[in-house]
Amino acid sequence: MSTQGRLATGERGRPAAIERALRAAPAHAVPEALAAVLRREYPQVSAVRLLVSDYHSRVLLPVGPVPAVLGAAGSADEALPIRQSTAGRAYVTRGVLVAGAEDGGGPRETLTYIPVTARGERLGVLEVASAEPWGGPDALAEIGELLGIALKVAWNWTDRYERARRRRRLTLAAELQWQLLPGHGCADEAFSLAGHLEPAYSIGGDNFDWSAEHDHLALTVTNGAGTGISAALLTSLTVGALRNARRSGADLGEQASLANDMVHVRYGGREFTETLVMRIDVGDGTVHVIDAGSPRILRLRGTEVTRVPLEQQLPLGMFPDTEYTPQQFALEPGDRLVIVSDGVFAAATGRGEFGTHALEQATRRSRLQDAAEVPLTIINELIEFHDGAGLADDAVVVCLDWHGSPAAG
């Protein structure tokens, strides 16, 4: 067998060895297990470091403390800006990038940045220092996917990765809000979905949730009332009630009605949540939606941005025994939906409200971006509108790109 043939055979066997090592590792030791197997399979590798995105998706933070087995590719408390670093570009583009060592490396040392993803969700970046190039592009991308899947499984077994995401202590209200979120995104053949929550200084109770099934995508966006712990508890009850009804097989109207009753029983109409409850049929792109409050839907078709007109129904929890009726509209392949809470379109400064026009402009300008980038792009424009000042209300942006059912192609 030729040298090239032997290398190809070895390359094919490495993903299986990496997967076995990750599967066997304790949840808290996934980075160390990966570092050990990479250094065994690729002798060129000298150091490995896992970077995860912070809650605001502004910087990448090392998972630490960094044990000796990792080789310490950089300072444990170093934060790399996503918009201004090679690691950040790998995270944004979800592509493998190679650069010269940024500190402490010899003249031939390189740093390889591998995006870490799981089913379309971006979790972070793997930084690998080596004396020379190692692995082909496909093999490196597969390593990032294997690590991403292993991390998603391990994440709920240990606090290590959640600790790494925070640069300072969270309030209890923020802790409750963040733990409700399903993730930053997901993708399937039919769609790409991403969401971002930009919390105000005092948590306002906004939230998004989704569940991808074989025949549909369930999606909700919630504006909670109040601030702090009271808002977080109200939103937790609403999201929990909607999930419970959905997982029990209730249809869309029943989900809203049951959640409405649960919130009303607890608060007696004094508090309520303004919620958008959606179901997108994967087979034909039909959207069933209940508009129980203020979140808005914009549709980008080509270069035209329009607001999806919906009949507004009562917020969840305002009155007992309220019946909710779904409405429908159709998606075409290539359509993009941008769904926002009132913390976006109603955000106000001395210059006035951010408003529908600014939101439509931001949506149109982001039309060439991947769905994963759109929520943060709109949030950044909102923050610029506030001249960099803190937001007065939570802001949620969810972006759905509809590719169309594979069976219809």
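Residues are numbered from 1 along each chain as its sequence is written, and side-chain values rest on heavy atoms, with hydrogens and water left out. As the model is predicted, local features need pLDDT of at least 70 and side-chain atom pairs count only at pLDDT 80 or more, whereas totals for chains, interfaces and linings use all residues.

We can begin with the sheet. Five strands form an open, antiparallel sheet in the order 9-10-11-12-15; strands (E, at least two residues) and helices (H or I, at least four) are DSSP runs numbered from the N terminus, and two strands pair if DSSP finds at least two bridges between them. Strand 9 and strand 15 (327–330) are the edges, each pairing on one side only. On average, neighbouring strands of this sheet are turned by 20 degrees against each other, direction ignored; the axes are lines fitted to C-alpha atoms, for helices over the stretch in contact, and angles run from 0 to 180 degrees between N-to-C directions. Within the sheet, six bridges link strand 11 and strand 12 in the antiparallel sense, and R279 stands opposite H288 in strand 12. Helix 8 (residues 252–267) lies across strand 11 and strand 12, at about 20 degrees to strand 12.

A hairpin comes next. Strand 13 (residues 296–301) and strand 14 (residues 304–307) run antiparallel and are joined by four bridges, with R301 partnered by E304 of strand 14. Two residues lie between the strands of this hairpin, where G302 takes a positive phi near 70 degrees.

Beyond its neighbours within four places in sequence, M278 is in contact (heavy atoms within 4.5 Å) with residues including L217, L252, V289, I297 and I339.

Finally, T86 lies in helix 3 (residues 86–93). T86 counts as buried because its relative accessibility is 12%, buried meaning under 20% relative accessible area, exposed over 50% and partly exposed in between (1.4 Å probe, protein chains only). The side chains of T86 and R89 are joined by a polar contact of 3.1 Å; this term denotes a pair of N or O atoms within 3.5 Å where, within protein, one must be able to donate a hydrogen and the other to accept it, and residues adjacent in sequence count only if both atoms are side-chain atoms.
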